[in-house]
Structure formats: structure tokens, C-alpha cells
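Please consider the following structure and the terms used to describe it.

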Amino acid sequence: MPDLINTNVHPTVPPPRHLMVESEAEATMHRQDFRTPDDAVGNESCLVQIYPVDVIDGMLLLEQGSLTIGRDIVCDLILDDVSVSRRHVELVPAGKGYTLHDLGSTNGTLLNGTPINGQQLLRSNDIISIGSFIFKYLSAGSVESQYYETVYLSLTRDALTGTMNKRYLLESMQREMARSLRRSQTLAVVMMDIDFFKSVNDTHGHLVGDEVLREFGRRLLETCREDDLLARYGGEEFSLLLASTDRDEALEIAERCRSAIAEEPFDTAVGPLAISASFGVACYDGEQAMKPAELLKVADERLYEAKHNGRNQVVC
């Protein structure tokens, strides 16, 4: 799920970061493409959810290709509520914008309060009603869309390490696992943890610990492939999402990451420090539905197996 953005806040005032509340109308929003959004700001249209605000609110960048919305797990944007049909509506690229197509939904799709018939060209600030959910469409390049994209970036990236954060990771995992299920493709997730990081903080202080975390993130970002998603999961624990990747490839990438961390000491304010990390790898075969938390749990168990076996190693 994306981080939350209050759509009622005036653009000159930074919006608060709300907590998600689970309910029977719990919805899951997923970005359309698997990549970090650095190059997206200001260049793409977006959807901003404005109701219901007590379930989830946020934004979805619209990139190349159509976007299908519905309850079904194979949809690009999943809204898990009985008011939404399994395949409810589709946004299709048209020139520099999008058209809206209802897919024969039970409750219909409203555009600015009027049921759509056939296809409708979307204009910036159009209001789209899908079951009990309401979205605002913002065209590419508009001041408002740039504002929301900028806030979205600030809420999905870890400021210390430059990696993505846990919330962005979970959102992307749900999206990629749904895609893998549709295409019967494999993907992998790697959980990694800096060995003896507590002793670094206890011995040298948290400022040195922050230096280690920054360098750890930098080395991993340099080692990973361009399309891999690296996120700080919490504290000294990181996660790597590898789309369209089988077990052998995942092991190879994890081993490269392990070597990149351990092969040279980290330069810090107290001098060079020998740092290593342990890695746990879990693979998803795309054959049956599986939740991101379940896959992460497998990877985490293998991470702690690597810790138990002596650290500075990869377990799959």
C-alpha cells in the first residue's frame, strides 16, 4: 500500500502521514509498474484516492500501458470491497492522457457523478467513482500532480540510506506477486541483516552506526540490477525484491551483495570497520496465490538460519 496523503490539505501545507485502518472495506492500491519513482515526478498522470479516507488514501502514478481496476487479484489496482466488481473499469492511454472504460461492472462507474457509457476521455481534476471508492484524476504536468508525486516520494524513501521504505516494499510485493500469478513467473525476495550491528552502536555510537547504514545501502544499490527494489525494512534489516527472478539468479545476486559488503572495510569517523551481513532468500513460483507477509516470513526464517550458522552467508 502506498503511504498516505491527505487530499484535503492545501498544497502549501505539508500533509500529515495517517495510519491505515483495516475494515471490511479494506482496499489495496498498487503502483502499475515495478520501479522506483525517481524519474516519474512531473511526467505522469496520477490517481488520488479521496474517499474513504478512513481506509486508505494515497496516490497511484499512471505510467505506460492500461490500468485495470477491480477486486480480482489479477487487476493492476485491487480494491477489495463488495461494491467493486471483479474487473470493474480500465484506464487506457490516449495521446498524452487516458480514457475510462467500464468493463460491465455491476454498480457502474461514475465520472463527475454521471455514469459513463462506452469510453470517456479523462481531464485533469475529474472525479471517478468506483463502487464506494472515489478518485481524482490529475493529468501529467499539472501543478497538483507534481505536488502529490513529490510528497509521495518523500513518504516512500528512507532518508538515511536512500533506499525505499517498508511500506513501499509491501505495496510493490503485492503488485509483483499478482503479476507473477497471472503470468506463472517466478520472483524472489531477500531479507538481509547487518551482523553485530548493535555492537557497532554500543561501541562507537549511533552516528557511526548511521555511517554504516548509509554505506551499506550505497553498496547494495550499486550491486543490484537496475530493476531490483531495495528497501530498508527496519533498523539494520533490509529487503530486496527481485521480479522475474528464479532461485539460481536470486542466490547469485544475494551472494554478490554479501561479497560487496564484506570484501572491503567501511570507512567511518572512527576508522575502517569490518562489516558483514547475513542473507535469507525465498522464492515465489507464481503457481498459487500467496501474501507478501508469507513470503517475507520464509525469507526471514532463512536469514536467521544464516545467523545461527555463523553469519556472513546466504541461505536459500
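The questions and answers that follow concern this predicted model.

Q: What makes up the protein chain in terms of helices and strands, and what percentage of its residues count as buried?
A: The chain holds 6 helices and 17 strands. Of its 316 residues, 52% count as buried. Among contacts with a separation of 6 or more, 63% join residues 24 or more positions apart.

Q: Why are α3 and α4 called oblique to each other?
A: Helix α3 (residues 197–204) and helix α4 (residues 206–223) pack at an angle of about 140 degrees, and their axes are 7 Å apart. Roughly antiparallel requires an angle over 145 degrees, and roughly perpendicular covers 65 to 115. The two helices are therefore oblique. On the α3 side the contact is made by Phe-197, Val-200, Asn-201 and His-204, and on the α4 side by His-206, Val-208, Gly-209, Val-212 and Leu-213. By class, this contact has 5 nonpolar, 4 polar and no charged residues.

Q: What makes α2 roughly perpendicular to α6?
A: The axes of helix α2 (residues 166–183) and helix α6 (residues 292–308) cross at roughly 105 degrees and come within 9 Å. Angles of 65 to 115 degrees count as roughly perpendicular, and that makes α2 roughly perpendicular to α6. Leu-170, Met-173, Gln-174 and Met-177 of α2 meet Pro-292, Leu-295 and Leu-296 of α6. The residues of this contact divide into 6 nonpolar, 1 polar and no charged.

Q: Why is strand β1 described as largely enclosed by the rest of the structure?
A: Of the 7 residues of β1 (residues 45–51), 5 are buried, so the strand is largely enclosed. Cys-46 has a relative accessible area of 0% and is buried.

Q: How do you know that β1 pairs with β2 and with β11?
A: Pairing requires at least two bridges between two strands. There are 4 bridges between β1 and β2 (residues 59–62), and the two run antiparallel. There are 5 bridges between β1 and β11 (residues 133–138), also antiparallel. In β2, Leu-62 is the bridge partner of Ser-45, while in β11 Leu-138 is the bridge partner of Cys-46.

Q: What makes β4 and β9 the edges of their sheet?
A: The open sheet has 5 strands in the order β4-β3-β5-β6-β9, with mixed pairing. β4 (77–78) and β9 (119–121) each have a single partner strand, so one side of each is left without a neighbour in the sheet. Within the sheet, 3 bridges join β3 (residues 67–70) to β5 (residues 89–94), which run antiparallel. Ile-69 stands opposite Val-89 in β5.

Q: Why is Ser-129 called buried?
A: The relative accessible area of Ser-129 is 15%, and buried means under 20%; Ser-129 is therefore buried. The residue is found in strand β10 (residues 126–130). Leaving aside neighbours within four places in sequence, Ser-129 is in contact with Gly-108, Thr-109, Leu-110 and Ile-134.

Q: Is Asp-158, in a loop, buried or exposed?
A: Asp-158 is buried, with a relative accessible area of 16%. The loop in question lies between α1 (143–156) and β12 (164–165). Not counting residues up to four places away in sequence, Asp-158 touches Thr-163, Met-164, Asn-165 and Arg-232. Asp-158 and Ala-231 are 73 residues apart in sequence and 7.9 Å apart in space, C-alpha to C-alpha.

Q: Why is Ser-184 called partly exposed, and why is Phe-196 called exposed?
A: Exposed means over 50% relative accessible area, and partly exposed lies between that and the 20% limit for buried. Ser-184 has 45% and is therefore partly exposed. Phe-196 has 53% and is therefore exposed. Ser-184 lies in the loop between α2 and β13 (187–194), and Phe-196 in the loop between β13 and α3.

Q: What is the phi of Ser-184, and what is that of Phe-196?
A: Ser-184 has a positive phi of about 55 degrees although it is not a glycine. Phe-196, not a glycine either, has a positive phi of about 55 degrees. Most residues other than glycine have a negative phi.

Technical notes. Residues numbered from 1 in each chain as written. Predicted model: local features only at pLDDT ≥ 70, side-chain atom pairs only at ≥ 80, totals over all residues. Heavy atoms only, no water. Axes fitted to C-alpha atoms, helices over the stretch in contact; angles between N-to-C directions. Parallel < 35°, antiparallel > 145°, perpendicular 65-115°, else oblique. Contact = heavy atoms within 4.5 Å. Nonpolar A, V, L, I, M, F, W, Y, C, P; charged D, E, K, R; others polar. Buried < 20%, exposed > 50% of the residue type's maximum accessible area, 1.4 Å probe, protein only.
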